[in-house]
Amino acid sequence: MRQVPVGVLYDLLTSDHEQPWRLTVHFRAFPSDVLLRWDGDSSLRAAYFNSLKEAAYICQGSARGVMDMALQAQNDMWNAVTAGDAEQYASVCSSLLMVPKARGERRPSVPLRLYIRQSHGGYMASLDTATQYTSRPVETVTETGALRSLGEVLRELLSALCAKPEATNSTAGIVSSSEQRDKLDGNAADAEGEVKGEIVEAVSSTNEKPEGGSATMQEKDLLVNGRPAEALINGVSPDLDAPLAWCHANLHSADFFLYIVVAVRE
Amino acid sequence: MSESKGNQVIVWLRATGDAPILKQQKVKISANEKFSKIVEVLRTKTKSEQVFVYLKESFCPSLDEKISVLYEAYGSEGRLTVNYANAPAWG
């Protein structure tokens, strides 16, 4: 079960950032194996705080700060999040001290969720077949303590995610079925279908950009399987030379994860 | 981002609350599997449809995430410790 914030879904699934966003509503065949049914505010709230705890663990090495929050503080936080009240949110958050720090041998890391869209996959394509996803801590500095850039981090993640054999075969990312149980006693034979991904750094010599000044055209493009791709954070194309730590500090979501969409240009 | 040794991860399944304690608490699972695999194993072993799973005694990771990634991020002492309960814990 994957819960994707609606803004991320928009960045991920619209190709030309159409507005208004046209959605197709289906009244039959609810995909209960991949989607949670809406059962009220409480499950959303639980998912939010669960995400916040993971983020706290990644930043600080412990989720204590979140788990020890008084109920009143939790309520205040949730109200601020649902109301989009940045001031109240900031005042509750300040007590959490969510600043990434080194712990033990681990360098300071930020919680990051990356969604990759390789194709639209056509009408009725499921999110699972058309996209790839990872949620993980990512270190913000190199061994020598230099800040890692967003581009550097994304290229590494893209090559790790797209080069591994899997992805094509793991259609429904969901458990169930006796087939799963058969595989239970350890074999990795189910990892075949190969998706080769080369992430090459391309200096784009083709600056034949259309009129209306998209001055943010990246010097160095991201490539997924040799196809140019675009990164989006909160609907904005970030400067790939920006330090990851800076991006996280300024663009993280309410649950302190940094959500990034990388979409192959159609 | 390196893969864990031998492409299998030792997962330590620890009961929390009044969840049944398993006879076999350590299982080896392919590092390529998703975390949802562990949930499925627990459902089967505890004979219960509803299982709540936690890492670091605090949160449940994305079920779609690969075990190798989670091991790298949250494993220690050569294993990934997973707590399970039959009711929500660590709210």
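**Entry 1**

I looked up where helix H2 of chain A meets helix H4, taking contact as heavy atoms within 4.5 Å. On the H2(A) side I found Asp41(A), Leu44(A), Arg45(A), Tyr48(A), Phe49(A) and Leu52(A). They meet Leu71(A), Gln74(A), Asn75(A), Met77(A), Trp78(A) and Val81(A) in H4(A). By class, I noted eight nonpolar, two polar and two charged residues in this contact. Here Ala, Val, Leu, Ile, Met, Phe, Trp, Tyr, Cys and Pro count as nonpolar, Asp, Glu, Lys and Arg as charged, and the others, Gly among them, as polar.

This is a predicted model: local features need pLDDT of at least 70, side-chain atom pairs count only at pLDDT 80 or more, and totals for chains, interfaces and linings use all residues. Residues are numbered from 1 along each chain as its sequence is written, chains are lettered from A and ligands numbered from 1 in the order in which they are written, and side-chain values use heavy atoms, with hydrogens and water left out.

How do H2(A) and H4(A) pack? Helix H2 covers residues 41-60, and its axis lies 11 Å from that of H4(A), at an angle of about 105°. Axes are lines fitted to C-alpha atoms, for helices over the stretch in contact, and angles run from 0 to 180 degrees between N-to-C directions. That makes the two helices roughly perpendicular (65 to 115 degrees).

**Entry 1: H4 against H5**

Next I checked H4(A), residues 71-83, with H5(A), residues 86-93. Their axes come within 8 Å and cross at roughly 145°. From H4(A), Ala73(A), Asp76(A), Met77(A), Ala80(A) and Val81(A) take part. Their partners in H5(A) are Gln88(A), Tyr89(A), Val92(A) and Cys93(A). I counted seven nonpolar, one polar and one charged residues by class.

Most residues other than glycine have a negative phi, and most peptide bonds are trans. I looked for exceptions.

- The peptide bond from Gln19(A) to Pro20(A) is cis, with omega near -5°. Pro20(A) sits in the loop between H1 (6-13) and H2.
- Asn234(A) has a positive phi, near 50°. I found Asn234(A) in the loop between strand S5 (227-232) and helix H9 (244-251).
- Phe256(A) is not a glycine, yet its phi is about 70°. Phe256(A) lies between H9 and strand S6 (258-264).

Is Phe256(A) buried or exposed? Phe256(A) is buried, at a relative accessible area of 8% (buried is under 20%, exposed over 50%, partly exposed in between, with a 1.4 Å probe and protein chains only).

Technical notes: Helix = DSSP H or I, 4+ residues; strand = E, 2+ residues; numbered from the N terminus. Parallel < 35°, antiparallel > 145°, perpendicular 65-115°, else oblique.
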